[in-house]
Structures are given as structure tokens and as C-alpha cells.
Amino acid sequence: MSLIKLPYHKTHLDLPLEPGPKVHVLTPENHEYTPEGTQEEIVRRALAHPIASPPLSELVKGKKNIVIISSDHTRPVPSHINIPLMLEEIKKGNADADVTILVATGMHRPTTDEELVAKFGQKVVDEVAIVNHFSEKDEDMIFLGILPSGGELWVNKLAVEADLLLADGFIEPHFFAGFSGGRKSVLPGVASRKTVMYNHNATFISSPYARTGNLENNPIHRDMLFAAEKAKLAFILNVVINANKEIIYAVAGDSVEAHLKGCAFVRELVAAKPIPGDIVISTNGGYPLDQNLYQAVKGMTAAEASAKPDAVIIMVAACSDGLGGEAFYRQLAEFPSAQAAMDTFLATAKEDTPADQWESQILCRMLIKHKVIMVSDPKLAAPFRDMHLDYAETVEAALAMAKAIKGDDAAITVIPDGVGVIVG
């Protein structure tokens, strides 16, 4: 029997299934895209041909204080390639500029020193000032106006007070913002807690437009665009990576136009038609995106999009960093059912949105419709069950549990990379 490989932490798990009439593997048609050149050459080419913008080496002239927003440890952005090449361009145009890297932690924990070295390389860590964003430090924020949705926009003053604001990031499907990258570097990346809370409110999360791969009429995206404009995000370098976390495409230039071109490439690359299954198996693409349950909700939404009514979803995620926060855990564990939790979320006013409610709400949406079995760290079995999820220590055990519910003849759909596909 052939084995289907499922990314899991920094390795993979073998799923003992062979594709056939009852077992389908859902991958994008273009998932084997082969780029031209090395990763560094791809990035250099993008920087040499910026979209709707002068070259970075021209933009930096006369600028003293330059800030580069860069993703944190939860995102597999190859910043060890991107940042040195951006610094090279900056030095070419303005060798005297002061450069600061502002780590876009959003609502996540700070990136550790060890993680910074792994992300940027020792040379960058030694030579460039690197600052973690803390969303709860109101004294670090500057008010920039009212979002289109009505919330207050507060952004890290290091970004706002920069003479030139840049961002490095990557573009992939995002389960409620449509796509990552671009404007997300500002909101939620370096925005205040109160701003992120309002933008991620229950009404917006419930919007049929706040879905994977969709930007049109997306209320969350609309706020993010506004935030990037108000913060004067002048130039981005965004890459697209493959399953091996290697750069296969890059865009640079205007924060809106370059991002849209990158999104169009990703949509073409990862779009896939659903293959409805009674049992749907998904992953979060391995490390670093499967570090916790909070992040793993994203890969579950791909399974949701290819699941028959009342299907069983098996989610394979190592969760080496745990659940992803006490608030996220309590928002489900403190209710007798997922539906009871959902009723509370929908009754919460936009301005009172608590931390992590958006992730809990999306998880609840799936739990109300489907049984979800986690294949993960055994230490998390009890808290998973507290949160109305099921648990299995191996994919074989999870599959046996699912077949006990749906039958031995159940149609099975396998999605090896749930965060790397747009199902629809």
C-alpha cells in the first residue's frame, strides 16, 4: 500500500491509504510549479522590478529613520533571505540610514532571541535593531483615525514615526482576511489590541465575504487596507513559498498593487475544486504553522470546505507550543457545547470583542456541523476534549474512529496542506 505523507511539525506522518474510488487527495492543479532561478534570484528580480513604485534604493534616499515590519515566529517567511536583500538595497541608496526591524507579533507572544536568530540569521540580529511589537502597550501606540468599520485605529509609534515604512512578508490563503501579506503587516501585525479586537469582531467573522481567497466586499480586508494607508506603508517585499517553505515567487513595490499581483498568482497556484468527503483529513502544513491549535483552525477550514454534511474532520497538527492561549481555551471549554459558545460570540458587541474570539468562533462554526478529531501531542488530549474536540494519538486511530461513525465505505478526502489551498 502506498502512503500519503502528512506534514507534522518538522517531519511528516504516514497515512496508510491508497488513492482510489473512495479515497481522494485534494491538491491544487499547479502544486508542482517550478520557479525560474534560486530563491535569492527570485527575490532580487522582484526588487529590481518593483510594481507601481520606484526601486527601494531610490525610495530610501534622504530618509533617516527606516522601519521594516517583519512577520514573527508563527509565520514561515524566509526572512533570512528577504531581509538581507532589502538591507542591501537600502544601503545602496542610503548607507547612513538607521534601520529598525519591527516584529509584527500581532496578538502573539514576543519572538524569542533564539527564534530571531533562526528567522533572520545571526548577522542581521547582530547588526540591526530588532524590536518586538506589544499590542497591549498603549503607550507604544499612536492614534491614526477611525476605521471604515467604526473602530479606532492605533498603530505602533515606531511604524508611524518612521521616515519610510517597509514590510517583508508572504502571501498565502487566509481563512478570513482572504490572503495574508501586504496590509496585514500593519493590521493586525503592529496594531494595538483594541484595534485588532474591533477588526476581528463576530459580525465580520460571520460575513460570507470573510473567507479564504476572497478580498471583494471583505469587511476585515477593508479595514486592513485603511490601516496600511494611514500608517504610510510605502513598500513591500512579499514572497510565495511551496510546501518545503522555499520561495517560488516574489513581488515588491506598492503595498496595494504588488500585493494584489501576488494574490492573483497564489489564487491561480492553489485553487482546487472541493471533493466532498464523509471523512476529511487535513493538516496545517507542518512547522511553524502547526505550532498550536489556534493556528490549526486555519487548516480545518479547508476540510470544512470539502466536507459533506455531518462529516468527520481529522486534523493533523503537532501543536508543540500548546493550544495557543488561555483565552482561546476558555472560550470553548467554559461552555457546555460549541453552539452555546457561538450564541455568546454572536451576542458580543464589536467594541467588546475579547482576545481570540475570532478563532474560537470559526472553530465553533465547524464543531457545530462536524465532529473534529485531533491527531496531536498526547498531553493535549484532555484540553482538546474540554474544547469539544475529539482526540487520537495516531492517524490510524483517528481513521478507525471516523469509520466507526461514517462506515467502512465512507468517502475520504485527504488535504495534505490545508493552509496551502483555496477550496471552492
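Looked up Arg-193 to begin with: partly exposed, at a relative accessible area of 31%. My cut-offs are under 20% relative accessible area for buried, over 50% for exposed and partly exposed in between, with a 1.4 Å probe and protein chains only. This is a predicted model, where local features need pLDDT of at least 70 and side-chain atom pairs count only at pLDDT 80 or more, while totals for chains, interfaces and linings use all residues. Residues are numbered from 1 along each chain as its sequence is written, and side-chain values use heavy atoms, with hydrogens and water left out.

Next I checked the partner of Arg-193. Glu-136 forms a salt bridge with Arg-193, and the closest N and O atoms are 2.9 Å apart. The pair ties together distant parts of the chain, 57 residues apart: Glu-136 sits in the loop between β6 (129–132) and β7 (141–146), Arg-193 in helix α7 (residues 193–199). Glu-136 counts as exposed, at 55% relative accessibility. For the record, I count a salt bridge when a side-chain nitrogen of Lys or Arg is within 4 Å of a carboxyl oxygen of Asp or Glu. Helices (H or I, at least four residues) and strands (E, at least two) are DSSP runs, numbered from the N terminus.

How many salt bridges does the structure hold? I get 16. I looked at a few others.

- Glu-89 bridges to Lys-92, with 2.9 Å between the closest N and O atoms. Both lie in helix α3, three residues apart, about one turn of the helix. Glu-89 is buried at 11% relative accessible area, whereas Lys-92 is exposed at 58%.
- Arg-330 bridges to Glu-334, the closest N and O atoms being 3.7 Å apart. Arg-330 is partly exposed at 36%, and Glu-334 is exposed at 56%.
- Glu-40, Arg-44 and Glu-88 are linked in a salt-bridge network.

On to the cysteines. I find zero disulfides, taking a disulfide as a pair of cysteine sulfur atoms within 2.5 Å. Cys-319 is in the loop between β16 (307–316) and α12 (326–333), and is buried at 2% relative accessible area. Setting aside neighbours within four places in sequence, I list its contacts (heavy atoms within 4.5 Å) as Asp-290, Gln-291, Asn-292, Leu-293, Met-374, Ser-376, Leu-380 and Phe-384. I also noted 8.8 Å between the C-alpha atoms of Cys-319 and Gln-295, 24 residues apart along the chain. Cys-263 is buried too, at 1%.

Then helix α1 (residues 39–48). Which of its residues are buried? Ile-42, Val-43, Ala-46 and Leu-47 are. Seen down the axis of α1, these fall within an arc of 130 degrees, so they line one face of the helix; the arc is that of the directions from the helix axis to the C-beta atoms. They pack against α3 (79–93), β12 (233–241) and β13 (247–253).

Last entry, the surface. Leu-225, Val-256 and Leu-260 make up a nonpolar patch with about 200 Å² of accessible area together. Leu-260 belongs to helix α10 (residues 257–270) and is partly exposed at 39%. Patch residues have over 30% relative accessible area and no salt bridge; like charges are joined within 9 Å, nonpolar side chains (Val, Leu, Ile, Met, Phe, Trp, Tyr) within 5 Å. Accessible areas are Shrake-Rupley with a 1.4 Å probe, and for residues only the protein chains shown count as cover.
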